[in-house]
Amino acid sequence: LSAQRPMYELMNYTQKEINKAQEIGKNLLRQNNFSEAKDVFYLLCFLDHFDFSNWLNLGKSEQLDHKYEEALTIYQTALHLKPEDPFAYIYSYQCSLKLDEKEAAEKWLRFAIEACEPIEQLTDLTKKLKGALNEKK
């Protein structure tokens, strides 16, 4: 197996088929069908382990199903793929709060702010995150 090619290519799936499966998974999330969404995104992570959005959506499926520790592990995998994206940090912050892990939550919040600051479109979000950090002090 080539470490550079996603599994779906080796299994003769097309990008169009992968996109369709991603849309199905997102629809399941919107319908609050977290267990089935998790199954779809788990399969997608296997088929394309390089795709950050698959990992993020898998984590979101776990988080929305109140499986915060599992979600945190998945978000850490997502962050290895795209450490500059703020949303895995934000979701990790939310999970840590739910687990009452205050120090970890603050760490994730600081990372989220750092990731948001260079993105002009996220100025309002950055302000909200900084407000949350200031409340902790």
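The model is predicted, so local features are described where pLDDT is at least 70 and side-chain atom pairs count only at pLDDT 80 or more, while totals for chains, interfaces and linings use all residues. Residues are numbered from 1 along each chain as its sequence is written, and side-chain values use heavy atoms, with hydrogens and water left out.

Let us begin with the rings. A pair of aromatic rings is described by how far apart the centres are and by the angle of the planes. Here, rings of Phe, Tyr and Trp (its six-membered ring) pair if their centres lie within 6.5 Å; planes under 30 degrees apart count as stacked, over 60 as edge-to-face and the rest as tilted. A search of the whole structure finds five such aromatic pairs. One of them joins tyrosine 89 and tryptophan 108, a tilted pair with 6.2 Å from centre to centre and 40 degrees between the planes. This pair links distant parts of the chain, as tyrosine 89 is in helix H6 (residues 86-98) and tryptophan 108 is in helix H7 (residues 102-116), 19 residues apart. Helices are DSSP runs (H or I, at least four residues), numbered from the N terminus.

How accessible are these two residues? Buried means under 20% relative accessible area, exposed means over 50%, and partly exposed lies in between (1.4 Å probe, protein chains only). Tyrosine 89 counts as buried because its relative accessibility is 11%, and tryptophan 108 counts as buried at 7%.

Tyrosine 89 also pairs with phenylalanine 111: the ring centres are 5.6 Å apart and the planes meet at 40 degrees, so this pair is tilted. Tyrosine 89 lies in helix H6 and phenylalanine 111 in helix H7, so the pair ties together parts that are 22 residues apart in sequence. Phenylalanine 111 is partly exposed, with a relative accessible area of 34%.

Elsewhere, ring pairs link Tyr75, Phe87 and Tyr91 into a cluster. Charges meet rings too: a charge sits over a ring if NZ of Lys or CZ of Arg is within 6 Å of the ring centre and within 35 degrees of the ring normal. The charged end of lysine 60 sits over the ring of tyrosine 91, 3.9 Å from its centre. Likewise, lysine 107 has its charged end over the ring of tryptophan 108, 4.2 Å from the ring's centre.

Now for the cysteines. How many disulfides does the structure hold? The number is zero, where a disulfide is a pair of cysteine sulfur atoms within 2.5 Å. For cysteine 95, the closest cysteine sulfur is in cysteine 45, 15 Å away, which is too far for a bond. For cysteine 116, the closest is in cysteine 95, at 16 Å, again too far for a bond. Cysteine 95 is buried, with a relative accessible area of 0%, and cysteine 116 counts as buried at 0% as well.

Most residues other than glycine have a negative phi. Asparagine 32, however, has a positive phi of about 60 degrees although it is not a glycine. Asparagine 32 is found in the loop between helix H2 (15-30) and H3, and counts as exposed at 53% relative accessibility. Aspartate 100 also has a positive phi, near 60 degrees. Its place is in the loop between H6 and H7, and aspartate 100 counts as exposed at 54% relative accessibility.

On helix H3 (residues 34-47) you will find leucine 43, which is partly exposed, with a relative accessible area of 47%.

Key: Helix = DSSP H or I, 4+ residues; strand = E, 2+ residues; numbered from the N terminus.
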